[in-house]
Each structure stands twice: as structure tokens, then as C-alpha cells.
Amino acid sequence: MAAQISALFTRPGSYFPVMDGPRMFRPDANNEALRRRNAMVMAGARHVLLGGLIPQATSAMRPGWKNCSVSDEYEDHVQALRGVVRRPSGTLRWGRANLGVGLYRARLERKELLFDLASSPELVLIERGTHLLVACECGDDLGEVLASNLAFACDASFAVFPELSEDDRDCWLEELYALGEGGDLTGRFSSLAQRARVHLGPLNFPRFKTVLFVTAGFPWGIATPEVATTHVYRYPDFGRAIVEGLWASQSAAHSAKTALLIDPHTVQGSEIPSINQALLKNGSLTRVVSGPAATSTRVQFLLDLLPHDIIVLSSHAGDAPGTRITYEYVDADQRRRSLTVDRALGIGYDRFDDKFMVTEYHRFHSLDGVHWSDKVGKAGLPVGSALTSWGAIGGPMDRTDHIVKQEPISRVVGSMAIQLHDGVWLFASHGFAPGAAPLIINNSCWSWHELSQRTTFAGARGYVGSLFPITDAEAQEVGQALFGKYLGQELPRALWSTQRDIYGASGRRPYVMVGLPFVAIRPNTEDAMGFMEKAYLDGLAHWSTQATNSPYEEIRRNAQRFSNFLLEDLQAFRQGVEKFGRRLHH
């Protein structure tokens, strides 16, 4: 249905937005709906079509839209669109697979999609311009539709390539991570890149100026170092990410008004001072949080409560050590369960509450003696009731009585912590401050793994990080080039040129980008100081109201913490502007 409706919209250069429905079974179901509703506002939606959703999702998305069609039938939506688009007279017959290619052909030929073939044509490439290729990993039908819509809007060529199995993807990603453990790093990296290139098939990537890979998780750009590349994740929130990326990238007003530069003094010869100078010349309002001021609590507050267009981190990153904990408990169906979880902790002192802020990261290791990666074994278990009942026990203190075994482990896979001044920080935001879709340059070792997915899920319009350990000198060169020689260029091209300059013909290409291909840092002409002053005042008004009026004690307490932080930080902001102008230091 999404493909059929998309095919009706054929205006060149226009993106037709499609999103998956909110996952209402998640604990953060309200945020699932809120992120999508915000994206619908960013898209300037005049008419909303809802279909294929469970009732709870429809109830969450329906309110507030004057023109809204709710149906699981394509014909109902066609009728609702009368006067908005004209129904084509011809049809393109297609099967129920390879939807992205079929959709692109239908739009180019201005035909209606008709799914009456037993199988779809085995066409893997639609050729348009050589300025951009959108290459989509198969395996998710809705993802192919979204990728096709994006390619059509950009008049780009569109291709699909085989899905990498989940087991192979996990193994290949682990190989990338293991590069930091020593040995022939360049040789092992080149070997993996060659295997990835074989998997991509016969597509002629060097014909294109830029390639956007729509991926299930693997950084396919390492296989095509001869061309500029970037990536987007096909799940979750692919449609929302496209809308927010377009919203933030097509207007200079959202490009570089404000920048947050984080330097906890954990590396020698930080590149932050030179980046700061470059952004000041660009007209940006910069804030440097360095040394003892770069604590996990302060950094988390700055990300969650204040809008920044650019965020740069200069530190170390990697999976944190932790604890392997086995819990025994009775689930909701009165079955006795044994769940083993790897846990990493991030701990920072919050002086606004005079308490320590604890962030947990969990990775399931086994259930009832079956390893979590054993799909066949897990298929015979009631997994849902085990996890729901475990979550219902409560927080860390509530679960203490259910622990039967625990042991320290050197690495919690996927935890990806960043070293700040007061210890390791686990990025835990589900959304950045209102009005922010930042570009994040995480100039830290191993900083691409996990963090690229978490930050784009939270709403970042772009993310640059490294796949394996880099030297301080490399980090300085890359940072200085991106914010110096290549400032203002589209970021995939800027990153490709930077790595070409530094590494030449070598196979060493540590940096990978996630984000739409036209993300760039453009000259700022906006009133950045007025914008940030208003952001402080709006935040104070909102959280002060919540601290007084919310019916929930926890929300009132947290809102008071946020209000106290914003009030104190506003004074520091005003003093910094008075003393330094567009440059703030802490």
C-alpha cells in the first residue's frame, strides 16, 4: 500500500514522506509516537494517511490532523486523495517483492502500480544521474519503498543489493571491532572490505560522485573507497530520519548557528581549538566544554535541554567493562526463569539533585540456559513473558534480591562509552533538545559502533565516527580538514577528500559517515545568540511548569533539576557572551 500510494506522487524534486508506525509495545511508546508526530510537522503535512497500524498506534497518530484518512485499503486512500493527485491511466504490473525498483519505474513512467504478477522482474538498477546512487540492502520491503522515494526526489540512480545474513553481519561487525586488539590492522581491514565488495555484486560504484548506502547495520562504504559514501539505517525510524535530515539540511538556519565542542582533556594535542576558530569564522556561536567541566551530567544536560547544530567530541571511546549477572524469578505465567544479562554502568554526580546519575546498558546473554544468539533454541522459549516480567521487577535495586550469580567482564559488547573527565559516559538520549537535529563529529577511537545508531535514532542529522582506533595525530588532521579546508562542502565529499589526503593509496580508511548525502556545515547568517537566549527561556518556562504541575513526583523532581541547571547555565551564557562574544568557555 505504501508503494502504491507513493507511485501516485510524481512531481520531480519532491519527497513523498512515508514512515513506519510507532512501536506501541515498547516501554517508551509515547516517545515513539511523539518522534513521528514531530516529523510530520517538519514535513509540513497537509494530508495524513494512516494504514496498516494496530488500534493503539492509530489512536496515537490520528489526533490533530484536519485531513486524515484512516484505512487498510488502498482504494479508500485513493478516494481521499481526489483533488490532491490525479490517478494515472496506465498501470505497471509487478510482483510483491523488489518494491523499491518497481515503485521507481512506476513513478518515472507515471503509471499506477498493480501487484498481479507471481514474481517481480529481477531488475536491480534504475539509472538516472551519476551525481548520486542510492543503494539499498534488500530484506525490508518498507525500507526499499522509503529508499526509492528518496532516490526519486533527488533524481538519483537507485539500486538494490542482497541482504547480508544477520549472523554474517554480526561476525563482520565483530571483526571490525576486533581490529583494535592489535596485529595487522590494515591487512585485516582490507580483507573485510574486499569481502564486502564481493557481496555488493557487479554494481559500478566509481561511476557515481556519491553513494548513499541504506543498510541493516554494516558500513558498506568501506568496500568502495574510490567514491564518497554515506549511510542511513533502514530500521528503526528510517522514514522519520529522512524527514528530519531534509528539514535540517535544506535550510542554512539549521546548519551551524550553535556548536558544542567537548574536550575532556583525555587526548594529547586536541583539535578542538582549531575547530573552534574555524566555526567562529563561519559565524557560529560556539561553546567549548573542557577539562573538569566536561562531566557526564553536564554533557547530558547540554544535549537534552539546549539546541546545538554541531556537536564535536574529542576523547576516547570503546565498550565499557561491566558485570555478567544471572537473575532467577517467576514470570507472569508462573514459570521459573533464568536470565543472564551483561550490564555496563555510567555514573556521574548531579549536583543539582545532590545525587549520582546512573545510566545502565544491558545486553542479554542467555535465557533459561539458551544463548541469546541461538535463534533456533530461543524459538522454543516464551521469550516475551520472560523479558516483560524481568522489566516489571523494577530498577537495579529492585532486582537485587533476584541475583543468583554475578562476575566482572572486561567488555560489555555494544555498550560504547565515551571517556569524559569524571569517567565513562553512556549516551542515553532518546531525543535531542527541541529544534535540534545536530551534526555529530565524534573524533574518538571506535566511535562509529553503536553510537552512530543511537545518535541518529535520537534525531541527529548526521554522524561521523571511526571504526577502529586512531592516533591523536590522525584525529587532529581529520578534524582540522573537515572544519578548515573542506568546510562548507557536502560532508560525504569532505570526509572522502580528507581521508584521501591523509591516507593516500593506503587501505586505511577509519572514518565512516551516517546521514543524508547533502549534510553540510554552511555559513551562519542567523542571530545565534538571540536563538540560544530564547531556547533557555523557553526551556525554563516549560520545565518550571512541569516542576509545579505534573501529577508525577518523578517528573516534578527531574523538571526541577532541569530548571536549576538552565537557570544557572543561562547566567553563565550571558556572562560568556558579554566577555567573549560568540565564543563561550567552561
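**Cavities, rings and cysteines**

The lining of the second largest cavity comprises 11 nonpolar residues, two polar residues and no charged ones. The model under discussion is a predicted one. The volume of this second largest cavity is about 80 Å³, and 13 residues line it. Those nearest its centre are Leu 313, Trp 425, Phe 427, Ile 440 and Thr 455. Two or more lining residues come from each of helix H11 (296-305), strand E12 (310-314), E21 and H15.

This space belongs to a set of seven cavities of 30 Å³ or more. The largest cavity holds about 180 Å³ of space. Its lining consists of 16 residues, and Gly 221, Val 227, Thr 229, Gln 499 and Tyr 511 lie nearest the centre. Strand E9 (228-233), helix H17 (491-503) and strand E23 (511-515) each contribute at least two residues to that lining. H17 gives the most, with four residues. By residue class, the lining of the largest cavity contains 10 nonpolar, five polar and one charged residue.

Pockets, which are open, may be considered next. Helix H1 (2-7), helix H2 (29-42), strand E1 (48-50), helix H6 (141-153) and helix H9 (238-249) each provide at least two residues of the lining. Of the residues lining the second largest pocket, 31 are nonpolar, nine are polar and eight are charged.

The aromatic side chains form a further theme. The structure contains 23 aromatic pairs. One of them joins Tyr 177 and Trp 446, whose rings are stacked with 4.9 Å between centres and 5° between planes. Tyr 177 belongs to helix H7 (residues 166-178), whereas Trp 446 sits in the loop between strand E21 (439-443) and helix H15 (451-458); the pair therefore ties together parts that are 269 residues apart in sequence. E21 and H15, the elements on either side of that loop, are also among those that supply two or more residues to the lining of the second largest cavity.

Elsewhere, one aromatic cluster is formed by Phe 161, Trp 172, Phe 205, Phe 213, Phe 218 and Trp 220. Arginine side chains also lie over aromatic faces. Arg 107 is placed over the face of Phe 152, at 4.0 Å from the ring centre, and Arg 399 is placed over the face of Trp 390, likewise at 4.0 Å from the ring centre.

The cysteines remain to be described. How many disulfides does a search of the whole structure find? It finds zero. For Cys 138, the closest cysteine sulfur is that of Cys 136, at 6.4 Å. Because a disulfide requires sulfur atoms within 2.5 Å, this separation is too far for a bond. Cys 154 is likewise in no disulfide, and the nearest cysteine sulfur to it, again that of Cys 136, is 14 Å away. Cys 138 itself is partly exposed, with a relative accessible area of 21%; this value falls in the partly exposed class because buried means under 20% and exposed means over 50%.

Definitions and conventions: Residues are numbered from 1 along each chain as its sequence is written. This is a predicted model: local features need pLDDT of at least 70, side-chain atom pairs count only at pLDDT 80 or more; totals for chains, interfaces and linings use all residues. Side-chain values use heavy atoms; hydrogens and water are left out. Buried means under 20% relative accessible area, exposed over 50%, partly exposed in between (1.4 Å probe, protein chains only). Rings of Phe, Tyr and Trp (its six-membered ring) pair if their centres lie within 6.5 Å; planes under 30 degrees apart count as stacked, over 60 as edge-to-face and the rest as tilted. A charge sits over a ring if NZ of Lys or CZ of Arg is within 6 Å of the ring centre and within 35 degrees of the ring normal. On a 1 Å grid over the protein atoms alone, a cavity is a set of points where a 1.4 Å probe fits but cannot get out, and a pocket is an open set with protein on both sides within 12 Å along at least five of seven lines; lining residues have an atom within 4 Å of a point. Grid points are joined across faces, edges and corners, and a volume is the space filled by probe spheres set on the points. Ala, Val, Leu, Ile, Met, Phe, Trp, Tyr, Cys and Pro count as nonpolar, Asp, Glu, Lys and Arg as charged, and the others, Gly among them, as polar.
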